[in-house]
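This report covers a pocket and a set of aromatic contacts. Please have the sequence and model open while reading.

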Amino acid sequence: MRLTVVGCSGSMSGPASAASCYLVQADGADEQGHPRTWSVVLDLGPGAMGALMTHVDPAAVDAVVLSHLHADHMVDLIGMQVYRRWHPSGPLTPLPVHAPAGALERVRGVGGDGEDEDYAGEFAFLEHDPARTIQIGPMRLQVFEVYHPVPAYGIRVTGPAEDADGEVSLAYTGDTDSCDGLVAMSDGVDLLLSEAAFQEGRDTVRGVHLTGRRAGELAATAGVRRLVLTHLQPWTDPEVVRGEAHEVYPGPVDLAAPGAVWTL
């Protein structure tokens, strides 16, 4: 299984990165047993659609999974809709979009379309259910409720190891403050992709984002093998946030960057 950072800028697109978007891929077989690569996109924020095209043909994406419906995590779904409706080879089949309740209305508002537009030709909206496992090729996804001002979910992905037998796992926090759902989601994962939009001593409001320290505490508590910090706003010094995480988590701490790849 492979994680590619498409965009990692927090709260907005930045001078060097699109906003939140992550590509998770695993090799497997199709329904006829033929080998193929399966591709899942986690979030699709501002600028992400264009950046995604440098990593995968959007027509080959098997599903989009939205952590929540804030604009910096979903507005480029409209770009995906245009791509699928007006593709020069003809309209593409509906793409599964796993999202919190209200996703259709939210996307309709971003697109500026009336209530008669249901995007049924381009998307199949599926509401998040923490009790349900999502199977996408060889990958299994489960969502966990997290702590944010709007309904939000962390996402755990389990799939085949890249160079060995067995399975590996990664967890993506989306946007959240510390909560029990994060610990359950992250338990023992090989890689934790954690937002760290806030900085200790600078951002004191709670219930919105993690700091580097709180991300590190999560990684230590959950026993993860590697921590990757993401969703840092353009005004934040990444090394300050990484230093906070290092103070409480003894494992490797990486910083997300556009085009970075982790193979599990």
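What volume does the largest pocket have? The largest pocket has a volume of about 290 Å³.

## Basis

This is a predicted model, in which local features need pLDDT of at least 70, side-chain atom pairs count only at pLDDT 80 or more, and totals for chains, interfaces and linings use all residues. Residues are numbered from 1 along each chain as its sequence is written, and side-chain values use heavy atoms, without hydrogens and water.

## Largest pocket

A pocket is an open set of points on a 1 Å grid over the protein atoms alone, where a 1.4 Å probe fits, with protein on both sides within 12 Å along at least five of seven lines; lining residues have an atom within 4 Å of a point. The volume is the space filled by probe spheres set on the points, joined across faces, edges and corners.

The lining has 18 residues, and Cys8, Ser9, Leu232, Pro238 and Ala256 lie nearest the centre.

## Aromatic pairs

There are three aromatic pairs in the structure (Phe, Tyr or six-membered Trp rings with centres within 6.5 Å; planes under 30 degrees apart are stacked, over 60 edge-to-face, the rest tilted). Tyr22 and Tyr172 form a tilted pair, because their ring centres are 5.0 Å apart and their planes at 55 degrees. Both Tyr22 and Tyr172 are buried (under 20% relative accessible area with a 1.4 Å probe, protein chains only; exposed is over 50%, partly exposed in between).

Phe123 and Phe125 have ring centres 5.7 Å apart and planes at 65 degrees, so this pair is edge-to-face. Phe123 is buried at 3% relative accessibility, whereas Phe125 is partly exposed at 24%. Ring pairs join Tyr119, Phe123 and Phe125 in a cluster.
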